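Please read the sequence and the structure below together. The briefing that follows goes through them topic by topic.

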Amino acid sequence: MFAKIIIDQDAKALDRVFEYSVPQDMTVEVGERVIVPFGKRNLQGFIVGLEEKAEFDESKIKPILQRIDGFAVIKKEMLSLMFFMADKLHLKLASILRLFLPSEMRTGQVKELIVRYVKLAKNFQSPSARAKKQLEIVKFLKDNGRQKFADVSAKFGYAPLSALVKSGTVLVENEQENRTPVFDEMKNEKRILTPLQQRAVDTICENKTYLLHGVTGSGKTEVYMNLIERRLEQGKTALMLVPEISLTPQVLANFKARFGDKVALIHSGLSAGERFDEWKRIFFGQAKVVVGARSAIFTPIENLGIIIIDEEHEQSYVSESNPRYDTHMIAEFRREYNSCTLVLGSATPSIESYAKAIDGEYQLVEMPVRVNGMEMPKIVVIDMLMEMRQGNNQIFSIPLIYELKNVIEQKKQAMIFINRRGFSSFQRCRNCGYVAKCTDCDVSLVYHRAENRLKCHYCGKRYRALDVCPSCGSKDIKQGAIGTERVVEELHKLFPDVRILRMDNDTTARKNAHRQILNEFRNTKPAILVGTQMIAKGHDFPDCVLVGIVDADQSLYQSDYRSIERTFQLITQVAGRAGRSSMQGRVILQTYSPRHYVYRFASNYDYKGFFKKEANLRKVTNFPPYARIVRILFTHEDEKVVAQDCKVCYNKVKEIKEQYPQDFVYLDVMKAPLNKIKNKFRYQILMRFKLDKADEIEKKIYDCVDEKCKSSVFFEINPNNLS
Ligand code: ADP
Ligand code: ZN
Ligand code: ZN
């Protein structure tokens with residue numbers, strides 16, 4: 001017997017299938033991990049096929065040395081997925097397989113959790129009357145049966161317990177246990193569905209893809225849960241993806257309350273051990289419902305009845321680092337493989353997905369009103385230039401301050417959204433224009449007041465804050481655009497007695513900090529929560545009646561084609577946090593471009609109008625989803641090398657362009673806008689072509705990278721971020 005094996009090394013030269021022989025006394029399965037000799041080393045590999053005959057000279061084929069797990073860790077579906085991804089995304093086989101296993105499994109660093117138990121021996125000898133503690137332990141075990149060693153030891157002391165073990169009165173048993181993540185307690189509140197929800201649940205039943213367009217507060221989560229319940233009743237399983245930042249304790253507790261031990265949870269907050277154990281519960285079929293962030297799409301759950309992607313428009317569903325993949329594409333593959341249902345849910349679907357729904361590729365299901373019949377919060381657009389002309393140079397407009405005062409008087413809550421952490425986006429000398437920049441990255445540094453440091457948000461490097469300009473000695477230092485810290489400081493000045501909380505990457509770095517901040521906010525009235533994107537999603541605070549958007553333009557003028565779409569989405573999501581229970585909510589949106597169409601559509605909650613305008617714009621200017629953008633990004637420490645590699649590739653792409661003169665709309669080569677990150681220089685080839693022959697052209701583009709290219713190369717299709 002011969003095995004086709006992929007070596008678990010992320011190297012281009014090893015990116016193919018090798019043949020090994022299976023020793024007479026060994027039986028192996030496709031999908032198993034094994035150790036094989038490779039050159040002078042012994043390496044880990046995956047069996048991806050078994051054949052009676054070898055393709056190569058059998059006498060030269062080496063044997064498999066050893067099995068690793070003793071069972072197939074890569075299931076059939078995942079093997080097919082691997083070949084699909086390799087073909088579509090041109091990724092290395094080994095790097096794909098790595099996505100399928102918890103990393104701790106590959107590195108072998110996680111041990112199974114062994115818990116020690118103690119119980120009384122059958123014919124135990126009672127300890128002498130003088131050993132009081134020992135007697136207490138014996139009585140305790142008699143009354144309560146088997147107990148955890150650690151618990152008994154904590155209660156009665158380590159010494160008497162080990163004396164009992166030594167004398168044979170008490171026996172120790174070791175057991176392997178699963179580490180399960182902690183959840184907040186929550187009641188299982190099953191609700192009677194509204195007619196709209198019921199219709200959605202009844203409609204979404206076939207083997208196809210549905211786009212669930214439901215406004216914020218329309219009760220999408222309840223629909224998801226009912227859909228999952230139905231699949232469980234049919235003996236099937238479910239996979240539900242949620243963006244990492246929406247995986248709040250509240251959301252998790254909700255699922256746990258509803259589905260109990262059937263739920264497995266995959267997200268980045270888990271310890272390595274927890275993640276490994278949850279993966280095992282999924283692998284062996286104990287878990288029937290998987291709830292997780294993006295990477296959960298690769299969990300080996302079998303017999304899928306439904307896949308749900310909540311907040312489907314979120315950028316985080318496209319992985320930004322290698323290997324790059326798009327979760328929607330993987331979900332489509334798994335839907336087809338399992339003949340199941342795929343649901344994409346959002347209050348603000350991506351232009352791409354909505355276009356597919358209009359073309360009939362997805363079936364559109366709409367929930368246009370909130371569950372409790374509450375009106376959507378009123379969005380008031382404030383012209384900040386006007387505020388300035390009227391003499392207000394503060395970061396808060398007069399209407400926002402007025403509304404905040406109201407909230408505080410009524411002992412309610414408000415959220416203030418500002419999508420930048422830190423105090424100010426940069427420090428600049430007013431005298432000579434000097435801006436503090438990172439030495440390793442081509443970006444300006446962000447000032448953090450709490451630590452009085454400048455920080456690079458790309459590499460994390462810290463620098464001393466400026467009090468005098470290092471270039472001209474001036475003390476006149478200007479702070480750049482405001483961040484969360486600055487907003488909190490200004491609020492403190494205005495409302496010294498009100499509790500003000502901050503939630504961003506800096507305040508939530510510690511484990512459980514996230515939960516603590518949200519719990520405190522929930523239990524404090526009045527209170528103001530200041531935060532980045534983290535506060536924009538999923539939270540349900542009944543007493544939050546006001547949302548302030550300090551700088552709505554922040555995401556508007558970024559140099560990529562999705563920036564307007566993203567602004568619309570952000571406003572709608574943030575606004576959706578207000579007025580979710582009895583009181584109508586209010587949103588104060590501050591902008592310097594009050595007449596931009598995005599604010600007109602967003603403040604009227606007119607998604608369809610926005611879609612029409614935006615889709616039309618993209619059609620006439622040849623942007624996705626009506627054209628395809630490909631970026632090839634080259635990075636290397638040596639700028640000469642990266643420039644050269646990029647140029648060689650560019651010349652080949654130019655030849656392709658000459659073959660398809662009708663299709664190319666744009667092609668150019670340049671330094672990336674962020675020319676250097678972490679001491680690596682970045683160059684790029686950027687192109688755009690029409691859709692008719694897009695797949696054909698894309699395939700050819702992948703072959704343009706030269707064999708001798710020394711730079712790291714990343715291919716991105718319709719990238720989210722062109723920096
Ligand atoms: P969405 O995700 O669409 O923004 P949610 O799922 O957060 O909306 O639901 C909004 C609120 O309505 C939540 O507090 C939820 O518990 C509640 N809710 C959902 N469905 C029902 C229902 N059928 N009856 C009563 N309350 C409901
Ligand atoms: Zn200066
Ligand atoms: Zn840096």
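Helices (H or I, at least four residues) and strands (E, at least two) are DSSP runs, numbered from the N terminus. By that numbering, Tyr-605 sits in the loop between helix H18 (597-603) and H19. This is a predicted model, in which local features need pLDDT of at least 70 and side-chain atom pairs count only at pLDDT 80 or more, while totals for chains, interfaces and linings use all residues. Residues are numbered from 1 along each chain as its sequence is written, chains are lettered from A and ligands numbered from 1 in the order in which they are written, and side-chain values use heavy atoms, with hydrogens and water left out.

- Donors are N, O and S atoms within 2.8 Å of the metal (3.2 Å for Na, K and Ca); water is not among the atoms, so sites may look incomplete.
- Four donors count as tetrahedral if all angles lie between 85 and 135 degrees.
- Cys-432 and Cys-472 link distant parts of the chain, 40 residues apart. Cys-432 is in the loop between strand E18 (427-429) and strand E19 (446-448), and Cys-472 is in the loop between strand E21 (462-464) and strand E22 (477-479).
- Cys-432 is partly exposed, at 38% relative accessible area, and Cys-472 is also partly exposed, at 35%. Buried means under 20% relative accessible area, exposed over 50%, and partly exposed in between (1.4 Å probe, protein chains only).

**Zinc ion (ligand 3)**

- The zinc ion (ligand 3) is coordinated at 2.3 to 2.4 Å by Cys-438 (SG), Cys-441 (SG), Cys-456 (SG) and Cys-459 (SG).
- The site of the zinc ion (ligand 3) is tetrahedral, with angles of 105 to 111 degrees among the four donor atoms.
- Along the chain, the donors of the zinc ion (ligand 3) are spaced C-x2-C-x14-C-x2-C.
- Cys-438 lies in the loop between E18 and E19, and Cys-456 in the loop between strand E20 (453-455) and E21, so this pair ties together parts that are 18 residues apart in sequence.
- Cys-438 and Cys-456 are both buried.

**Packing of helices H12 and H19**

- The axes of helix H12 (residues 351-358) and helix H19 (residues 607-621) come within 11 Å and cross at roughly 95 degrees. Axes are lines fitted to C-alpha atoms, for helices over the stretch in contact, and angles run from 0 to 180 degrees between N-to-C directions; 65 to 115 degrees counts as roughly perpendicular.
- From H12, Ile-351, Tyr-354, Ala-355 and Ile-358 meet Tyr-607, Lys-608, Phe-610, Phe-611, Glu-614 and Arg-618 of H19. Contact means heavy atoms within 4.5 Å.
- The contact of H12 with H19 has seven nonpolar, no polar and three charged residues. Ala, Val, Leu, Ile, Met, Phe, Trp, Tyr, Cys and Pro count as nonpolar, Asp, Glu, Lys and Arg as charged, and the others, Gly among them, as polar.

**Backbone exceptions**

- Most residues other than glycine have a negative phi, and most peptide bonds are trans.
- The peptide bond from Lys-525 to Pro-526 is cis, with omega near 0 degrees. Pro-526 is in the loop between helix H16 (513-523) and strand E24 (527-531).
- The Pro-624 to Pro-625 peptide bond is cis, with omega near 5 degrees. Pro-625 is in the loop between H19 and strand E27 (627-636).
- His-90, not a glycine, has a positive phi of about 55 degrees. His-90 lies in the loop between helix H1 (76-89) and helix H2 (93-100) and is partly exposed, at 34% relative accessibility.
- Tyr-605, not a glycine, has a positive phi of about 55 degrees and is partly exposed, with a relative accessible area of 24%.

- Asp-645, in helix H20 (residues 639-659), is buried at 12% relative accessible area. Not counting residues up to four places away in sequence, Asp-645 touches Phe-634, Cys-709, Lys-710 and Ser-711.
- Glu-222, in helix H8 (residues 220-233), is buried at 10% relative accessibility. Leaving aside neighbours within four places in sequence, Glu-222 is in contact with Glu-189, Arg-191, Leu-193, Gln-197 and Arg-258.

How values were computed
Four donors count as tetrahedral if all angles lie between 85 and 135 degrees; four count as square planar and six as octahedral if opposite donors are over 155 degrees apart and all others between 65 and 115; anything else is irregular.
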